[in-house]
Amino acid sequence: MRFEDLRVWQRSADLACEIYLHFKQSKEFGLKDQITRSALSISSNIAEGYERVTPKDYIRFLSYSKGSCGELRSQIYIALKIGEVDTTKASEWIEETRELSRMISALMKSIDAWD
């Protein structure tokens with residue numbers, strides 16, 4: 001198996017692409033930079049953790065990824081309040097970050113059981 005085969009990685013990479021495309025033309029450079037970085041961080045940390053040697057390292061990077069889900073969700077709320085994203089899209093992204101967070105937690109628990 002490869003990290004590319006993990007459904008949680010696939011979905012988080014898809015979300016990052018969607019957010020990048022949405023904010024591509026945004027003039028809100030501070031928010032654009034932060035929101036795209038946190039979106040990208042979710043899948044990146046899943047991949048990096050997968051490539052680590054020990055389960056403990058893998059879990060640590062999954063924890064970073066889970067934290068990025070919360071960071072992204074917070075930024076989506078802000079983007080909604082300032083009119084950078086509509087309510088429908090914001091709701092979709094918020095629910096996806098919640099689901100990704102649950103998936104990451106489940107993966108962390110399954111790896112923790114390896115010991």
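Visitor: What should I keep in mind about the numbering and the values here?

Guide: Residues are numbered from 1 along each chain as its sequence is written, and side-chain values use heavy atoms, with hydrogens and water left out. As this is a predicted model, local features need pLDDT of at least 70 and side-chain atom pairs count only at pLDDT 80 or more, while totals for chains, interfaces and linings use all residues.

Visitor: What makes up the fold, read along the sequence?

Guide: The pattern is α-α-α-α, with four helices and zero strands. Helices (H or I, at least four residues) and strands (E, at least two) are DSSP runs, numbered from the N terminus.

Visitor: Why does the radius of gyration agree with a compact globule?

Guide: The radius is taken over C-alpha atoms, and the globule rule is 2.2 Å times the number of residues to the power 0.38. For 115 residues that rule gives a value near 13 Å; the protein has 14 Å, so the two agree. Along the principal axes, the C-alpha trace spans about 45 × 20 × 20 Å.

Visitor: Why is F61 called buried, and what is Y64 called?

Guide: Buried means under 20% relative accessible area, exposed over 50%, and partly exposed in between (1.4 Å probe, protein chains only). F61 has 6%, so F61 counts as buried; Y64 has 39%, so Y64 counts as partly exposed. Over the whole protein, buried residues make up 41% of the 115.

Visitor: How many aromatic pairs are there?

Guide: Rings of Phe, Tyr and Trp (its six-membered ring) pair if their centres lie within 6.5 Å; planes under 30 degrees apart count as stacked, over 60 as edge-to-face and the rest as tilted. By this rule there are five aromatic pairs.

Visitor: What makes F3 and W9 an edge-to-face pair?

Guide: Their ring centres are 5.3 Å apart and their planes make 70°, so the pair passes the distance limit of 6.5 Å and the angle is over 60. F3 counts as buried, because its relative accessibility is 15%. F3 and W9 also belong to one aromatic cluster with Y50 and Y58.

Visitor: What kind of pair do F61 and Y64 form?

Guide: F61 and Y64 are edge-to-face too, at 5.2 Å centre to centre with 80° between the planes. They are three residues apart in helix α3 (residues 55–81), so about one helical turn separates them.

Visitor: What is T36 in contact with, beyond its neighbours in sequence?

Guide: Contact means heavy atoms within 4.5 Å. Leaving aside neighbours within four places in sequence, T36 contacts I19, Y20 and F23. T36 sits in helix α2 (residues 29–51) and is buried, because its relative accessible area is 7%. A16, 20 residues away in sequence, lies 6.9 Å from T36, C-alpha to C-alpha.

Visitor: Why does E96 count as buried?

Guide: Its relative accessibility is 17%, so E96 falls on the buried side. E96 lies in helix α4 (residues 87–112) and touches R11 and L15, not counting residues up to four places away in sequence.

Visitor: And which residues does M108 touch?

Guide: With residues up to four places away not counted, M108 touches I59, L62, S63 and K66. M108 is also found in helix α4, and its relative accessible area of 18% makes M108 buried.
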